[in-house]
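Please look over the sequence and the structure shown here before reading on. The paragraphs that follow go from the whole chain to single residues.

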Amino acid sequence: MGGMLLTGFAGFLGILKIVLMALAAFGLFDAAFRREDAFRAADKQTKVFWLVILGIALIVSYLFSILSFLPIIGVIASIVYIVDVRPAVKQVSGGGGGGGRSGSSSDGPYGPYNGGR
């Protein structure tokens, strides 16, 4: 009975470790594809800073047990990036997923294209 409980707990920790690694990886890849000037315009740390922090968080979450101290710090850094930095950088760079623009496919850069009429 006790062995089955330990096996279930180990399985849960394995799944949790994968989820936390995915969180750090998502933050790392998202930061990698954002513009450098957007980080400065949003008054956040630099892009290189976040790439290093999130890269270390990913490596630490892979190498160490989830119950140790370093992966917890990495999770906190990943959450701070995703909850605070990412929305600010996204807003500054104009990546709002459509940006509130609801035009048709015939719209040009200065408004609707009417075919020269």
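Among contacts in the protein between residues at least 6 apart in sequence, what percentage join residues at least 24 apart? The share is 64%, where a contact means heavy atoms within 4.5 Å. The model is a predicted one, in which local features need pLDDT of at least 70 and side-chain atom pairs count only at pLDDT 80 or more, while totals for chains, interfaces and linings use all residues. Residues are numbered from 1 along each chain as its sequence is written, and side-chain values use heavy atoms, with hydrogens and water left out.

The protein holds 4 helices and 2 strands, and read from the N terminus its elements follow the order α-α-α-α-β-β; helices (H or I, at least four residues) and strands (E, at least two) are DSSP runs, numbered from the N terminus. Of its 117 residues, 25% count as buried, a word that stands for under 20% relative accessible area, with exposed standing for over 50% and partly exposed for what lies in between (1.4 Å probe, protein chains only).

How do α3 and α4 meet? The axes of helix α3 (residues 47–63) and helix α4 (residues 69–93) come within 8 Å and cross at roughly 140°, and α3 is therefore oblique to α4. Axes here are lines fitted to C-alpha atoms, for helices over the stretch in contact, with angles running from 0 to 180 degrees between N-to-C directions; angles under 35 degrees count as roughly parallel, over 145 as roughly antiparallel, 65 to 115 as roughly perpendicular, and the rest as oblique. On the α3 side the contact is made by W50, I53, L54, A57, V60 and S61, and on the α4 side by L70, P71, G74, A77, S78, V80, Y81 and V85. These contact residues divide into 11 nonpolar, 3 polar and no charged, where Ala, Val, Leu, Ile, Met, Phe, Trp, Tyr, Cys and Pro count as nonpolar, Asp, Glu, Lys and Arg as charged, and the others, Gly among them, as polar.

Two residues of this contact can be followed further. A57, in helix α3, counts as buried because its relative accessibility is 6%, and apart from residues up to four places away in sequence it touches A24, G74 and S78. A57 and I73 are 16 residues apart in sequence, and their C-alpha atoms are 7.6 Å apart in space. S78, for its part, is in helix α4 and is buried, with a relative accessible area of 1%; leaving aside neighbours within four places in sequence, S78 is in contact with L23, A24, L54 and A57.

The loop between α3 and α4 contains F64, which is partly exposed, with a relative accessible area of 37%. Not counting residues up to four places away in sequence, F64 touches K17, L70 and P71. K17 belongs to helix α1 (residues 2–32) and is also partly exposed, at a relative accessible area of 22%. The C-alpha atoms of K17 and F64 are 9.5 Å apart, although the two are 47 residues apart in sequence. Beyond neighbours within four places in sequence, K17 is in contact with S61, Y62, F64 and I66.

Helix α2 includes F39, which counts as buried at 0% relative accessibility. With residues up to four places away in sequence not counted, F39 touches residues including A31, W50, Y81, V85 and V89. F39 and S93 are 54 residues apart in sequence and 8.9 Å apart in space, C-alpha to C-alpha.

The last stop is D43, found in the loop between α2 (36–41) and α3. Most residues other than glycine have a negative phi. D43, although not a glycine, has a positive phi of about 60°, and at 68% relative accessibility D43 counts as exposed.
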